[in-house]
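Biologist: I would like to learn how to read a protein model. Could you take me through one, feature by feature?

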Amino acid sequence: MAVPPKFLIQTAQFVWHRLWQTLMSQLAPSDPTGNFQRVESQFRHWVGSEEFPPEPNRYRLYIGLTCPWAHRTAITRILKGLEDVVDLSVAIADVSVGGWRLENDPTGCRSMKELYQLGQVGYSGRCSVPVLWDCQTYQIVNNESAEIIVMLNDAFNRFAKFPERDLYPEPLRPEGDHLNDLIYHTVNNGVYKCGFARTQAAYDQAATALFQTLDQLDQRLGDRRYLLGDQLTLCDIRLFTTLIRFDLVYHGLFKCDRRRICDYKNLWGYLRDIYQLPGVAATCPLKTIQQEYYTSLFPLNPSGIVPLGIDIHRFQSSHDRHTLAINSDDS
């Protein structure tokens, strides 16, 4: 193998590093020490208020298949049986438009940027998914996934197919909220802190915290089917959308490579358990997710080459997680 001249290598390294820093500053803002800083959601209204009453066929949910934050809203919509109540639009990650592209949208918008500007004239902030949109008043109700899933869980119960399915039960909220906070900072956002780290120190800190939490969660799931016991909750949905992408994307592209989820005794079965719940697999187009990550995040994968990935049929293998609830009842 011939090695390029030293001058050529040093020049390429200098130019690419400067370009990479510029691209990353637009893609993933960081603090002065190189730690990824997620931008706060700007629209925080609630369905159930006087301005936004719960009504069937009034609201539209905008998601992107790549985005785990949007994915949690899509799963909640399915599990509550809101397919005929809250419409769904899927945005496509497209580097040619520098963001999320829309096709044949009822608003006439061709991108999420145009939708945000339709909802708020002059808007110049980040145009992220998910978005809960009011089709009647042409306003963005909310673009914070953690709040949208709470609304989907209870605001539309009068119209839902499964109103009795409470994914955010009152008695479990204190414990669930505490666990959500840990999972958000170290796992949900933690994988992005690894992938978008701008310094070695920032990466080391994020990766260490990520796998410490995964180890704790694996141990926690040793004697219970779900994070808070025998009942699936929003806490599980929030974790699941990161886990389903982990071995497929984050392990390689985001350098989260200490372990895979399939290497964990309990997390691996837990992941398959949720994936196999009715309706959930349909929200997980794994090949599309992998394709969009590896082709849209150019600074992390400038070659554009998409790896072969894992055998997605493994998610359908038996898990026996339901026996944990039976054993718990017996004890």
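Biologist: Where does proline 130 lie?

Modeller: Proline 130 sits in the loop between helix H3 (112–119) and strand E4. Those labels come from DSSP: helices are H or I runs of at least four residues, strands are E runs of at least two, and both are numbered from the N terminus. The peptide bond from valine 129 to proline 130 is cis, with omega near 5°. Please keep in mind that this is a predicted model, where local features need pLDDT of at least 70, side-chain atom pairs count only at pLDDT 80 or more, and totals for chains, interfaces and linings use all residues. Residues are numbered from 1 along each chain as its sequence is written, and side-chain values use heavy atoms, with hydrogens and water left out.

Biologist: How many helices and strands does the protein chain have?

Modeller: The chain has 11 helices and 5 strands. Its radius of gyration is 21 Å, close to the 20 Å that the globule rule gives for 331 residues, so the chain is as compact as a globular protein of that length. That radius is taken over C-alpha atoms, and the rule is 2.2 Å times the number of residues to the power 0.38. Along the principal axes, the C-alpha trace spans about 70 × 55 × 35 Å.

Biologist: What share of the residues is buried?

Modeller: Here buried means under 20% relative accessible area, exposed means over 50%, and partly exposed is in between, using a 1.4 Å probe and protein chains only. By that cut-off, buried residues make up 49% of the 331 in the chain.

Biologist: How should I read contacts along the chain?

Modeller: A contact means heavy atoms within 4.5 Å. Among contacts between residues at least 6 apart in sequence, 72% join residues at least 24 apart.

Biologist: Which strands pair with E1, and in which sense?

Modeller: Two strands pair if DSSP finds at least two bridges between them. E1 and E4 pair in the antiparallel sense over 4 bridges, while E1 and E2 pair in the parallel sense over 5 bridges. Tyrosine 59 stands opposite aspartate 134 in E4, and the bridge partner of glycine 64 in E2 is alanine 91.

Biologist: How many residues of strand E1 are buried?

Modeller: In E1 (residues 59–64), 6 of the 6 residues are buried. Both faces are covered: Tyr59, Leu61 and Ile63 lie on one side, with Arg60, Tyr62 and Gly64 on the other.

Biologist: What does the hairpin of E4 and E5 look like?

Modeller: E4 (residues 131–134) and E5 (residues 139–142) pair in the antiparallel sense over 3 bridges. Aspartate 134 stands opposite glutamine 139 in E5. The hairpin has 4 residues between the strands, and tyrosine 138 takes a positive phi near 55°.

Biologist: Which other residues have a positive phi although they are not glycines?

Modeller: Asparagine 104 has one of about 55°, and aspartate 320 has one of about 60°. Asparagine 104 lies in the loop between E3 and H3 and counts as exposed, at 81% relative accessibility. Aspartate 320 is in the loop between H10 and H11 and is partly exposed, with a relative accessible area of 45%.

Biologist: How do I read the buried side of a helix?

Modeller: An α-helix has 3.6 residues a turn, so residues three or four places apart point the same way. In helix H10 (residues 286–296), the buried residues are Leu286, Ile289, Gln290, Glu292, Tyr293 and Tyr294. They pack against several elements, including helix H2 (68–79), strand E2 (87–94) and helix H8 (234–253).

Biologist: Which residues does aspartate 215 touch?

Modeller: Not counting residues up to four places away in sequence, aspartate 215 touches Arg259 and Tyr264. Aspartate 215 lies in helix H7 (residues 200–220). Aspartate 215 and asparagine 266 are 51 residues apart in sequence and 9.9 Å apart in space, C-alpha to C-alpha.
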